[in-house]
Amino acid sequence: MRLSAILCLASLANSALSQQIWDVWQTTWDRQKLFTRQSTNNGLPINFGIPGAIGQADIVIEDTQVFQTMDGFGATLTDSSAKLLSQLKVQNLNNYWTLINQLFNPADGFAGAGLTALRLPIGATDFSNTLYSFDDQSGDIGLGSFSANNAPSYLWSVLSDIVSVNPILKIFLLPWSPPYWMKTSNDMRGGSINPAHVTAFANYLFKSVQALQSKGHAIYAIGIQNEPKNNNPTYPTARVSAWVEAQIATQLRQVTLLDNDGGSQVKIIGYEHNWNDAGLYPKELMQMAGSAFAGVAFHCYAGGVRNQSLFHNDFPSKEVHFTECSGTLGTDWWSNVKVFILNRFIGGPENWSRSAMMWNYALDSNGQPKLPGTNSCGGSGCRGVVTIPGDGGYDLNEEYYVMAQTSRAVLPKDPGGPFAQRIGVTVGGSHNWALRVGAYSTRRAKSTDPKRWTIVVLNWNDQSNGKWKPTSVSSTIEFRGKQAKFTFPVGITTLWWFE
């Protein structure tokens with residue numbers, strides 16, 4: 001018996017030691033590391049071994065708790081973003097392709113963000129040169145004058161370049177306004193959709209899907225109306241009631257369009273507005289036309305991220321997405337990192353979002369170009385994920401580094417493999433308050449290959465007694481009866497292992 005026990009313990013020890021962490025990526029508060037991979041001669045690999053005393057923080061992976069599958073992270077390719085990227089392509093071709101790869105290349109091991117979510121406007125937004133829709137012919141109920149080429153050509157050129165480096169890109173289509181003639185105000189700016197044009201608008205959305213497909217772009221999802229409770233008169237907006245949005249979605253999904261004409265895989269995502277109304281408008285959509293909608297999407301400009309869970313608790317079979325939040329020029333870099341992680345890129349998935357997106361992919365140093373006359377993004381202005389100043393260079397902003405750290409946690413490990421699933425995780429120890437952790441597991445293309453297990457850790461232990469004092473946290477990681485030790489600097493750390 002004693003020999004058997006010794007052999008069993010030896011086998012357990014060997015199994016434990018076989019798990020090693022070789023991949024560690026970090027962005028620190030002082031920017032000394034910016035999505036930097038830890039070198040193998042700097043404490044790697046980290047071995048999982050027999051559990052001992054816990055650290056100041058004890059991260060416990062609850063691998064039997066499996067939640068939503070992730071769709072990834074990203075932003076919106078507005079006309080302004082595409083214009084700046086297109087100008088960069090002309091000014092400095094090498095920089096352009098370097099940036100496109102840094103943003104979008106999802107290849108395993110590539111030192112870039114691998115962003116897989118892209119929101120694409122149908123027509124003009126507050127970040128366009130001019131007002132336009134895909135059909136500006138007044139009264140064109142039959143949509144004979146419909147053309148996606150009303151959009152600037154550089155939008156389609158840049159999108160094609162992005163898709164060329166990211167074949168798993170998930171495109172979310174969405175209008176900021178119906179064509180002016182479908183509205184009671186006869187203007188794309190402000191006003192409301194005319195209920196008499198519900199069928200025409202549903203057809204307009206369907207033709208938008210077809211138009212993108214004809215350009216070679218698969219559409220992952222389509223929304224009915226961006227911010228349907230917003231009717232700002234200085235840029236494309238439209239007030240659309242939940243009842244009208246439900247009607248449009250039903251027409252689009254069930255009656256004549258997506259389900260019957262090759263679009264059954266395209267999801268319809270409802271709402272697309274702020275957290276504060278999570279228990280009202282989105283709930284009404286599900287009650288009136290739940291079978292038409294795959295789920296709903298939220299923005300960050302009012303309310304809190306926990307409101308996403310209010311919707312999920314009422315409709316657990318429906319998807320939750322987080323699709324817009326803008327950074328503000330002139331704000332503190334490290335403070336922004338903390339807010340983005342807490343409320344968007346760890347906090348969002350914790351509250352059931354499958355995606356998390358910022359606003360513009362790219363803007364210039366002044367938050368331009370914007371639609372002439374708009375009061376959108378007032379104050380110091382909106383900041384893009386990337387700043388393109390117009391001199392042939394570019395700057396990666398904090399939005400980029402936050403998304404790089406989190407995106408790499410959820411990407412497929414293998415070509416054709418699945419995205420990660422969020423799993424359970426808790427933090428104990430005397431400094432459990434100092435760490436926020438998201439945890440994910442990624443199955444492989446071959447079921448016999450070991451899964452990837454990933455944690456994204458924010459250490460925000462940057463003060464002591466109200467004074468600035470960034471302090472690392474020595475931690476233990478508990479996984480399937482094994483334990484690893486790691487000291488997390490103040491910042492974001494992403495690490496993974498296989499089993």
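Predicted model: local features only at pLDDT ≥ 70, side-chain atom pairs only at ≥ 80, totals over all residues.
With 0% relative accessibility, Ile-477 counts as buried, because buried means under 20%. From this residue we can move on to the sheet around it, then to the cores, the pockets and a cavity.

- Ile-477 and Leu-310 are 167 residues apart along the chain, and 31 Å separates their C-alpha atoms.

- Look for an open sheet of nine strands with mixed pairing, in the order 3-2-26-21-20-19-5-24-25.
- Which strands stand at the edges of this sheet? They are strand 3 (36-37) and strand 25 (482-488); each has a single partner strand, so one side of each is left without a neighbour in the sheet.
- Strand 5 (residues 57-69) pairs with strand 24 (residues 473-479) in the parallel sense, over four bridges. In this pair, Ala-57 stands opposite Ser-475 of strand 24.
- Strand 5 also pairs with strand 19 (residues 421-428), this time in the antiparallel sense and over seven bridges. Here you can find Val-66 opposite Ile-423 of strand 19.
- Strand 20 and strand 21 (residues 452-459) run antiparallel and are joined by eight bridges. Tyr-440 faces Thr-454 in strand 21 as its opposite residue.
- A handy rule for reading such pictures is that side chains in a regular strand alternate between the two faces of the sheet.

**Ser-441**

- Setting aside neighbours within four places in sequence, Ser-441 is in contact with Ala-420, Gln-421, Ile-423, Arg-452 and Trp-453.

**The nonpolar cores**

- In soluble globular proteins, nonpolar side chains tend to be buried together.
- In this model, the largest nonpolar core has 112 residues. Leu-77, Phe-104 and Leu-120 have the most contacts inside this core.
- Helix 5 (residues 198-214) gives the largest share of this core, 10 residues.
- Another core, of 24 residues, lies apart from the largest one.
- Leu-77 touches, among others, Ala-82, Leu-85, Leu-118, Arg-119, Leu-120 and Pro-121, not counting residues up to four places away in sequence. Its contacts also include Leu-155, Val-158, Leu-159, Ile-162 and Tyr-361.

- Strand 17 (residues 386-387) and strand 18 run antiparallel, joined by two bridges. Val-386 stands opposite Leu-396 of strand 18.

- The largest pocket holds about 360 Å³ of space.
- Which residues are the closest to the centre of the largest pocket? Out of 26 lining residues, they are Tyr-301, Ser-326, Trp-359, Cys-377 and Cys-382.
- Strand 13 (327-328), helix 9 (333-345) and strand 16 (382-383) each supply at least two residues of this lining. Helix 9 gives the largest share, four residues.
- Sorted by class, the lining of the largest pocket has nine nonpolar, 12 polar and five charged residues.
- The second largest pocket has a volume of about 150 Å³. Its lining includes Pro-106, Ala-107, Asp-108, Val-165 and Lys-413.
- Seven nonpolar, one polar and three charged residues make up the lining of the second largest pocket.

**The cavity**

- How many cavities of 30 Å³ or more does the structure hold? There is one, and the largest cavity contains about 40 Å³ of space.
- Asp-108, Gly-109, Arg-408, Leu-411, Pro-412, Arg-452 and Trp-496 line the largest cavity. By class, these are three nonpolar, one polar and three charged residues.

Notes. Residues numbered from 1 in each chain as written. Heavy atoms only, no water. Core = buried A, V, L, I, M, F, W, Y, C linked by side-chain atoms within 4.5 Å. Buried < 20%, exposed > 50% of the residue type's maximum accessible area, 1.4 Å probe, protein only. Contact = heavy atoms within 4.5 Å. Pairing = 2+ DSSP bridges. 1 Å grid on protein atoms, 1.4 Å probe; cavity = no way out; pocket = protein on both sides within 12 Å on 5 of 7 lines; lining within 4 Å. Points joined across faces, edges and corners; volume = space filled by probe spheres on them. Nonpolar A, V, L, I, M, F, W, Y, C, P; charged D, E, K, R; others polar.
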